[in-house]
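Please examine the sequence and the structure shown below before reading on. The report that follows is written for a reader who is new to protein structure.

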Amino acid sequence: MLSLYYYPGNASLLPHMMLREIGAEFELRLVDRGQNAQKSAEYLKLNPSGRIPVLIDGDLVLFETAAIALHLADKFPEAGLAPAVGTAERATFYKWMFHLSNTPQAEYRAWFYPHEHVVDEAATLTVKQAAGERLNRMFDVISGQLGDKTWFLGERFSAADLFLFMLIRWGRGMPRPPRSLPNLNALAERVLARPAVQKALEVEGIKAPVF
Ligand SMILES: N[C@@H](CCC(=O)N[C@@H](CS)C(=O)NCC(=O)O)C(=O)O
């Protein structure tokens, strides 16, 4: 049995949506951020960084969203959430999974947790604004690369689309939300229309407007 430690709308949403797409048997375990449970001694045994998500797969305890996503794609190849290993398409899939993980997802830490990036508290707002500007440029690049393609990989849907959807959603409160870029808005609408995604959002209590 797979267990996913999650908090509504957090990075756990990517593996949650994937598990619904796969149709796998799994359980959700809420990490109560209201109680700072991600920093509890019990949770730190699972992820010493105290961050969400964690996936438990038998004896395997896995943290890092992108690693969990790649593991799920590999464990359930019949779900087709990643192209075949060794193909150019798979390499392109890796490129986007790593890019999304290393670039906008990492940058969002500065947007959502600017206080972690300053010594002088007075600089917090500047750090947040600068992160917002960098995120805008990152989404410009992603939007340009996506173009008018249906999915990130062209005709085939993959976990990278779910990842991008989650990141578009996180920016809904930004002065220039990612959805204001037409290509990103169109992709997010297509992802949102998927029954598995609807189910994951419903279970997490995420209501419209989603992004
Ligand atoms: N690189 C990590 C980052 C995870 C992360 O930043 N998770 C956030 C929620 S989206 C979190 O746990 N925040 C609470 C905290 O940092 O205390 C991953 O992808 O798993």
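This report treats the domains, their interface, a surface patch and the backbone in turn.

## Two domains

The model described here is predicted. Its protein chain is divided into two parts: domain 1 covers residues 2-79, and domain 2 covers residues 88-194. Taken over C-alpha atoms, the centres of domain 1 and domain 2 are 20 Å apart. Domain 1 gives 15 residues to the contact, and domain 2 gives 19 residues.

## The interface between the domains

The size of an interface is often expressed as the accessible area lost when the parts come together. For domain 1 and domain 2, the area buried between them is about 1300 Å². Carbon and sulfur atoms account for 66% of that area. On the side of domain 1, the residues that lose the most area to domain 2 are Leu14, Glu21 and Leu70. Together these three make up 34% of what domain 1 buries.

Charged side chains also take part, as two salt bridges are found across the interface of domain 1 and domain 2. In the model, a salt bridge also links the side chains of Asp74 and Arg90, with a distance of 2.5 Å from N to O.

Val85, Tyr94 and Phe98 make a nonpolar surface patch of about 300 Å². Of these residues, Phe98 is located in helix α4, which spans residues 88-112. Is Phe98 buried, partly exposed or exposed? Its relative accessible area is 47%, and Phe98 is therefore classed as partly exposed, because that class lies between the limits of 20% and 50%.

Most peptide bonds are trans, and most residues other than glycine have a negative phi. The model contains departures from both patterns, described below.

Ile52 and Pro53 are joined by a cis peptide bond, with omega at about 15 degrees. Pro53 belongs to the loop between α2 (41-46) and β3 (54-57). Another cis peptide bond runs from Ala208 to Pro209, where omega is near -5 degrees. Pro209 is found in the segment after α8 (195-204).

Where does Asn36 lie? Asn36 is in the loop between β2 (26-30) and α2. Although Asn36 is not a glycine, its phi is positive, at about 60 degrees. Asn36 is partly exposed, with a relative accessible area of 42%. Glu64, likewise a residue other than glycine, has a positive phi near 85 degrees. The place of Glu64 is the loop between β4 (60-63) and α3 (65-75).

Conventions: Residues numbered from 1 in each chain as written. Predicted model: local features only at pLDDT ≥ 70, side-chain atom pairs only at ≥ 80, totals over all residues. Heavy atoms only, no water. Patch = residues over 30% accessible without salt bridge, like charges linked within 9 Å, V, L, I, M, F, W, Y side chains within 5 Å. Areas by Shrake-Rupley, 256 points an atom, 1.4 Å probe, with all protein chains shown as cover. Salt bridge = Lys/Arg side-chain N within 4 Å of Asp/Glu carboxyl O. Helix = DSSP H or I, 4+ residues; strand = E, 2+ residues; numbered from the N terminus. Buried < 20%, exposed > 50% of the residue type's maximum accessible area, 1.4 Å probe, protein only. Domains from an automatic or database assignment. Contact = heavy atoms within 4.5 Å. Buried area = accessible area lost by both parts, 1.4 Å probe.
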